[in-house]
Amino acid sequence: MATSGTVATGITNPTLLDMIKARAPDGTIARTVKALDQKNPILKDATAQEANKLTSHQITVDSSLPTLAWRSYNQGVAASKGTTIQVEETMGMLAGLSKLDVTLAPLGGNEAAYRAQLDSKFVSKFNNDMASALFYSNIEQYPKQMQGLTPRYNDTDLQHVINYAAISGDTADTADNSSIWFITWSPETCYLIYPKGSMAGLTKHDMGEQLVNDGDGNAYAAYVTRFQWDIGLAVEDWRYNARICNIDSDTIDLTANIGLIETAMIEAVNRLQDRNTGRLVCYMSRQVKTWLERQTAAKSGMNFTPVDWHGKQIMGFQGIPIVTCDALIATETVVST
């Protein structure tokens with residue numbers, strides 16, 4: 001499994017922070033991305049790539065392979081070629097506006113520090129909304145957002161969607177389910193995209209002191225800062241990701257279910273195209289990971305062993321890091337055929 005590297009060392013699988021370090025190592029955006037990276041585990045793993053268009057990213061996907069033939073001496077073969085289809089991946093604009101009363105800013109004794117503290121709240125909100133959109137955004141329902149993973153892996157007839165409810169023999173409820181995801185991050189498989197020519201899609205504009213209106217329409221002086229993150233997701237080869245769905249949040253800790261998640265994870269990993277491309281990471285909710293750690297502590301096995309993840313020792317599955325992602329909810333609707 002490939003490890004995270006930087007653009008400077010020639011690694012061609014850069015994260016968002018890697019891209020910013022190469023373009024603007026000492027700028028404000030670099031500090032903002034580093035703060036995002038520290039708070040969002042996905043950004044530590046996710047490959048980031050500049051889109052080939054200003055507002056979208058066009059990828060070419062193989063739809064069929066060329067035809068080959070066995071031949072003998074003095075015998076020709078028919079010409080053939082593979083076929084491709086073009087897919088347009090979209091990006092969304094996540095934006096926020098900060099207004100700080102100019103008379104409030106210096107009260108703490110350090111105006112710059114106070115404004116930075118206010119900015120950090122926007123960074124946290126960016127992380128929460130981006131991570132949620134990565135998994136759950138659906139452009140058919142919300143056209144302004146990016147297309148997330150769930151709408152792409154939302155049918156148990158698909159080879160890379162494992163129905164946990166079917167494995168467990170239980171019937172998943174309609175709206176209290178969770179999922180486990182195996183995602184392979186690389187420029188050839190799955191990656192974040194940002195607009196062509198931008199600074200990783202991030203902008204932070206200090207608009208200075210302005211007159212703004214309060215809730216009653218009265219004006220006051222405030223420091224105004226505008227934040228925006230143009231971001232999207234491209235899945236170039238769906239075979240490198242897998243979803244385990246229909247994990248009932250109400251019955252997950254039943255004794256009868258011990259070992260069933262492990263069985264589903266084995267099945268998911270073996271449905272991946274391969275494990276040698278990019279950064280393969282397993283994401284699950286805090287509830288599912290807690291239950292999984294409890295059940296693995298009660299038995300011995302070779303599937304769950306500690307692995308290194310960005311300098312930390314965490315639980316792994318067959319050498320794949322298992323990362324807690326709070327964006328994964330316990331109220332997913334049941335996935336059916």
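The legends below describe close-up views of a predicted model. Local features need pLDDT of at least 70, side-chain atom pairs count only at pLDDT 80 or more, and totals for chains, interfaces and linings use all residues. Numbering runs from 1 along each chain as its sequence is written, and side-chain values use heavy atoms, without hydrogens and water.

**View 1. The salt bridge between R243 and E332.** The closest N and O atoms of R243 and E332 are 3.1 Å apart. A salt bridge here is a side-chain nitrogen of Lys or Arg within 4 Å of a carboxyl oxygen of Asp or Glu. The pair links distant parts of the chain, 89 residues apart: R243 sits in strand 9, E332 in the segment after strand 13 (320-324). Strands (E, at least two residues) and helices (H or I, at least four) are DSSP runs, numbered from the N terminus. R243 is buried at 1% relative accessible area; E332 is buried at 5%. Buried means under 20%, exposed over 50%, and partly exposed in between (1.4 Å probe, protein chains only).

**View 2. The salt bridge between E88 and K53.** The search of the whole structure finds 8 salt bridges. In this one, the closest N and O atoms are 3.2 Å apart. E88 lies in strand 3 (residues 83-101) and K53 in the loop between strand 1 (48-50) and strand 2 (56-64), so the pair ties together parts 35 residues apart in sequence. E88 is partly exposed at 38%, and K53 is partly exposed at 34%.

**View 3. K125 and D129 within helix 4.** Their side chains meet in a salt bridge, 3.1 Å from N to O. The two residues are 4 apart, about one turn of the helix. K125 is partly exposed at 47% relative accessibility; so is D129, at 29%.

**View 4. K289 in helix 7 (residues 286-297)****.** K289 is buried at 12% relative accessible area. Its side chain makes a polar contact with the side chain of E293 at 2.7 Å. A polar contact is a pair of N or O atoms within 3.5 Å; within protein, one must be able to donate a hydrogen and the other to accept it, and residues adjacent in sequence count only if both atoms are side-chain atoms. Leaving out residues up to four places away in sequence, K289 touches M284, I322 and T324, with contact meaning heavy atoms within 4.5 Å.

**View 5. Positive phi at N246 and H310****.** Most residues other than glycine have a negative phi. N246, in strand 9 (residues 242-248), has phi of about 65° and is buried at 2%. H310 has phi near 55°. H310 lies in the loop between strand 11 (304-309) and strand 12 (312-317) and is partly exposed at 37%.
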